[in-house]
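Please look at the model below and follow its helices along the chain before reading on.

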Amino acid sequence: MSELELALEVPRWTWRCYTEHLGLVLGLSSIASIQRLIVVNWTAQIPHGVALASEVVVLTARIALVVSLWRIAMRGQALRLSAGRAFARNHWRSLLWQGAFLGAAYLVFEVLAEDALPKLLPASARQTYLAILLFLKNPTVIALTFLWWIGVVRQAFRTKPAQMACTVSTP
């Protein structure tokens with residue numbers, strides 16, 4: 001198996017896990033989506049304390065999402081630091097591919113979509129554009145990125161090479 005093929009296992013696993021647990025992802029991500037839509041679109045009308053409290057709620061929802069996805073992904077897996085060291089030593093090219101993939105996603109969804117594109121819009125449309133973009137990014141880009149990082153850790157630190165299945169079936 002080439003290092004590129006090894007690296008591509010993680011985004012494939014990420015997509016499978018994302019689609020298998022879409023309800024969980026959408027449910028927890030919708031908290032951040034709705035909060036971003038309201039707070040970004042109506043910043044001036046929302047009291048500072050309410051905006052701050054809503055950020056705490058979003059942080060809590062994101063932590064719950066990561067913890068839930070981690071538990072699902074790591075069910076039946078044994079992770080070892082020594083396995084991670086060995087993976088990094090033997091498959092550093094695969095890890096470079098992972099960095100390139102994630103870097104490309106960052107360029108498209110952060111630099112281009114969130115920073116560059118709004119500058120092309122009229123000033124009156126920028127705040128609404130950002131609110132809608134963040135509404136859409138939470139259940140997609142952000143959730144997929146969380147899963148992708150979990151997948152990288154899962155692949156690198158597992159003790160035995162196995163198929164990157166998202167769920168483990170029990171007999």
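Is M74 buried or exposed? In this predicted model, M74 belongs to helix 3, and its relative accessible area is 11%; because buried means under 20% relative accessible area, M74 counts as buried. Leaving aside residues up to four places away in sequence, M74 touches L79, I150, V153 and R154.

Another residue of helix 3 is V57, for which the relative accessible area is 48%, a value that makes V57 partly exposed. Between V57 and I31, which stand 26 residues apart along the chain, the C-alpha atoms are separated by 7.9 Å. Both residues take part in the contact of helix 2 with helix 3, where I31 is among the residues on the helix 2 side and V57 among those on the helix 3 side.

That contact can now be followed as a whole. Helix 2 covers residues 22-41 and helix 3 covers residues 48-74, and their axes come within 9 Å of each other while crossing at roughly 160°. Because of this angle, helix 2 runs roughly antiparallel to helix 3, and the crossing in which helix 2 passes helix 3 is left-handed. From helix 2, the residues that meet helix 3 are L24, V25, L28, S29, I31, A32, Q35, R36 and V39, and their counterparts in helix 3 are A51, S54, E55, V57, V58, A61, R62, A64, L65, S68, L69 and I72.

Helix 4 gives a view of how buried and exposed residues are arranged around a helix. Within this helix, which spans residues 81-90, the buried residues are A83, G84 and F87. When one looks down the axis of helix 4, these buried residues fall within an arc of 100°, so they line one face of the helix. L81, R85 and R89, by contrast, are exposed on the other side of helix 4. As for what the buried residues of helix 4 pack against, their partners are helix 1 (3-20), helix 5 (92-120) and helix 6 (123-157).

Conventions:
Residues numbered from 1 in each chain as written. Predicted model: local features only at pLDDT ≥ 70, side-chain atom pairs only at ≥ 80, totals over all residues. Heavy atoms only, no water. Buried < 20%, exposed > 50% of the residue type's maximum accessible area, 1.4 Å probe, protein only. Helix = DSSP H or I, 4+ residues; strand = E, 2+ residues; numbered from the N terminus. Arc of directions from axis to C-beta. Contact = heavy atoms within 4.5 Å. Axes fitted to C-alpha atoms, helices over the stretch in contact; angles between N-to-C directions. Parallel < 35°, antiparallel > 145°, perpendicular 65-115°, else oblique. Left-handed = near helix turned anticlockwise from the far one by under 90°.
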